[in-house]
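Colleague: I'm new to this one. Could you walk me through it?

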Amino acid sequence: MRPHSLVSPLTGTACMLAGLGLLAIPLHQLTSTPPTPPAPTQPAEPSTREIPAVLRLRLLTPAQRITCKSTTGKSLLDLRAVPAGISEYDVLIPLGDGVLEWMLDVELGDDGPETAVFLTVMPDGYDDQTRYAIGKQRIHEPLRYEWPSH
């Protein structure tokens, strides 16, 4: 025969509550600990990669020299005695976070009329974009192209 005090509903409830109380102590320590702050990180540098592209150049008048340089000074295109019309060139462009910035420098010669230069960049995997610059004798202009990241 069992002792009468262990069979009582009140004793069973007390034992159950004591067991839950013992279990609650480690759970409280796990859930109430303040989170550790993340380690300080260095600011992310923009990722720059070179991708192949076709550069379409459209000149309304002939040019003595055309250069395109990246913002770091790397030459992307250097042409001499370029006739008027449309021409295409294969280039590697530095695409940093979907942005291409370069400096266009066009020497048109003395006493020529005001003219325009159109540059269409057709990078692999991205849409074509066209920018233009207008000037007389010499055009020195920064060009910026932006594509959404994917």
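Colleague: Which residues is Asp128 in contact with, leaving aside its neighbours within four places in sequence?
Modeller: Thr120, Val121 and Met122. Keep in mind that this is a predicted model.

Colleague: Where is Asp128 placed?
Modeller: In the loop between β6 (115-123) and β7 (129-135).

Colleague: And how far is Asp128 from Tyr145 in space?
Modeller: The distance is 9.8 Å, C-alpha to C-alpha. In sequence the two are 17 residues apart.

Colleague: Let's zoom out. How many helices and strands does the protein chain have?
Modeller: One helix and eight strands. From the N terminus on, the order is α-β-β-β-β-β-β-β-β.

Colleague: What about confidence?
Modeller: The average pLDDT of the protein chain is 82. A score of at least 70 is reached by 83% of the residues.

Colleague: Which elements have the lowest and the highest mean pLDDT?
Modeller: Helix α1 (residues 9-32) has the lowest, at 74. β7 has the highest, at 92.

Colleague: How much of the protein chain counts as buried?
Modeller: 30% of its 150 residues. The accessible surface comes to about 10600 Å². Carbon and sulfur atoms hold 58% of that surface.

Colleague: What share of the contacts comes from residues 24 or more positions apart?
Modeller: 65%, taken over the contacts in the protein chain with a separation of 6 or more.

Colleague: Now the inside. Which residues in the largest nonpolar core touch the most other members?
Modeller: Trp102, Leu104, Leu119 and Val121. That core has 29 residues.

Colleague: Which elements give two or more residues to this core?
Modeller: β1 (48-59), β2 (63-70), β3 (75-82), β4 (85-96), β5 (99-107), β6 and β8 (138-146). β1 gives the most, with five residues.

Colleague: New topic: Thr115. Which strand is it found in?
Modeller: Strand β6.

Colleague: Is Thr115 buried or exposed?
Modeller: Buried, because its relative accessible area is 5% and the cut-off for buried is under 20%.

Colleague: What does the side chain of Thr115 make a polar contact with?
Modeller: The side chain of Thr61, at 3.4 Å. Leaving aside neighbours within four places in sequence, Thr115 is in contact with several residues, including Leu60, Leu108, Ala133 and Ile139.

Colleague: On to charges. How many salt bridges does the count come to?
Modeller: Six. One of them joins Glu88 and Arg56. Their closest N and O atoms are 2.8 Å apart.

Colleague: Which strands does that pair link?
Modeller: Glu88 is in strand β4 and Arg56 in strand β1. They are 32 residues apart, so the pair links distant parts of the chain. Glu88 is partly exposed at 45% relative accessibility, and Arg56 is partly exposed at 31%.

Colleague: What about Asp105 and Arg138?
Modeller: Their side chains meet in a salt bridge, 2.5 Å from N to O. Asp105 lies in strand β5 and Arg138 in strand β8, so the pair ties together parts 33 residues apart in sequence.

Colleague: Asp105 first: buried or exposed?
Modeller: Buried, with a relative accessible area of 14%.

Colleague: Which residues are linked in a network of salt bridges?
Modeller: Glu101, Arg144 and Glu146. Between Glu146 and Arg144, the closest N and O atoms are 2.9 Å apart.

Colleague: And how accessible are Glu146 and Arg144?
Modeller: Glu146 is partly exposed, with a relative accessible area of 46%. Arg144 is partly exposed too, at 38%.

Key. Residues numbered from 1 in each chain as written. Predicted model: local features only at pLDDT ≥ 70, side-chain atom pairs only at ≥ 80, totals over all residues. Heavy atoms only, no water. Helix = DSSP H or I, 4+ residues; strand = E, 2+ residues; numbered from the N terminus. Contact = heavy atoms within 4.5 Å. Core = buried A, V, L, I, M, F, W, Y, C linked by side-chain atoms within 4.5 Å. Buried < 20%, exposed > 50% of the residue type's maximum accessible area, 1.4 Å probe, protein only. Areas by Shrake-Rupley, 256 points an atom, 1.4 Å probe, with all protein chains shown as cover. pLDDT = per-residue confidence, 0-100. Polar contact = N/O pair within 3.5 Å; in protein donor to acceptor, adjacent residues only side chain to side chain. Salt bridge = Lys/Arg side-chain N within 4 Å of Asp/Glu carboxyl O.
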